[in-house]
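Please keep the sequence and the structure in view while reading.

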Amino acid sequence: MTEFAFGPCRLSVDVEATRAYYAACPLPWVTCDCAGCRNFVRAVKELPPAAMAFFDALGLDPEKPGETCWYCQVPGGVSGGAFYHLAGVLPEGFPPEGLGQPEWITVAEGFEAAFKPDCDLLPEDFPRPCFQMEWSGVFPWVLNETNPYVD
């Protein structure tokens with residue numbers, strides 16, 4: 001396990017098991033045909049270098065989220081997010097009781113991450129133990145079509 005500290009977040013990640021799981025899963029990963037998901041598949045390749053380094057350090061493939069979601073059009077693109085599963089553990093009692101939700105950390109300009117112990121839509125063959133990373137940001141609109149996520 002590799003230990004990480006991101007602000008108040010302390011993680012123990014089995015980077016090699018995480019990386020191996022994602023490497024064994026072929027693309028396309030996102031199979032939804034909505035405009036947001038089709039945009040994500042292309043826009044995630046344009047993440048800032050700091051965000052790409054963050055994903056790489058954890059053994060994650062940014063092109064292979066567990067799920068994506070889209071909120072609204074914003075200057076420069078569309079706000080949205082995704083979540084990813086990681087092999088490893090969070091410290092006992094994380095996030096602290098009363099916090100209500102995970103603490104967000106800034107990863108790169110316009111992008112944040114948070115971690116939680118419960119995994120949504122976890123594949124049966126994903127390595128255990130594991131936890132989930134939430135990802136939020138403003139993705140550029142790169143499709144050659146109108147952005148439908150208008151306020």
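Helices (H or I, at least four residues) and strands (E, at least two) are DSSP runs that are numbered from the N terminus. The model is a predicted one, in which local features need pLDDT of at least 70 and side-chain atom pairs count only at pLDDT 80 or more, while totals for chains, interfaces and linings use all residues. Residues are numbered from 1 along each chain as its sequence is written, and side-chain values use heavy atoms, with hydrogens and water left out.

**Overall build**

The chain has three helices and seven strands, and from the N terminus on its elements follow the order β-β-α-α-α-β-β-β-β-β. With a radius of gyration of 15 Å (taken over C-alpha atoms), close to the 15 Å that the globule rule gives for 151 residues, the chain is as compact as a globular protein of that length; the rule itself is 2.2 Å times the number of residues to the power 0.38. The C-alpha trace spans about 45 × 35 × 25 Å along its principal axes.

Of the 151 residues, 44% count as buried, where buried means under 20% relative accessible area, exposed over 50%, and partly exposed in between (1.4 Å probe, protein chains only). If a contact means heavy atoms within 4.5 Å, then among contacts between residues at least 6 apart in sequence, 68% join residues at least 24 apart.

**Paired strands**

| Strands | Direction | Bridges |
|---|---|---|
| β5 (residues 105-108) and β6 (residues 111-116) | antiparallel | three |
| β6 and β7 (residues 130-139) | antiparallel | six |

Between β5 and β6, Ala108 stands opposite Phe111, and the hairpin that these strands form has two residues between them, with Gly110 taking a positive phi near 85°. On the β7 side, Phe115 has Met133 as its bridge partner.

**Cysteines**

A disulfide is a covalent bond between the sulfur atoms of two cysteines. Here it is counted as a pair of cysteine sulfur atoms within 2.5 Å, and by this rule the count comes to zero disulfides. Cys34 is partly exposed at a relative accessible area of 27%, whereas Cys37 counts as buried at 5%.

Key
Pairing = 2+ DSSP bridges.
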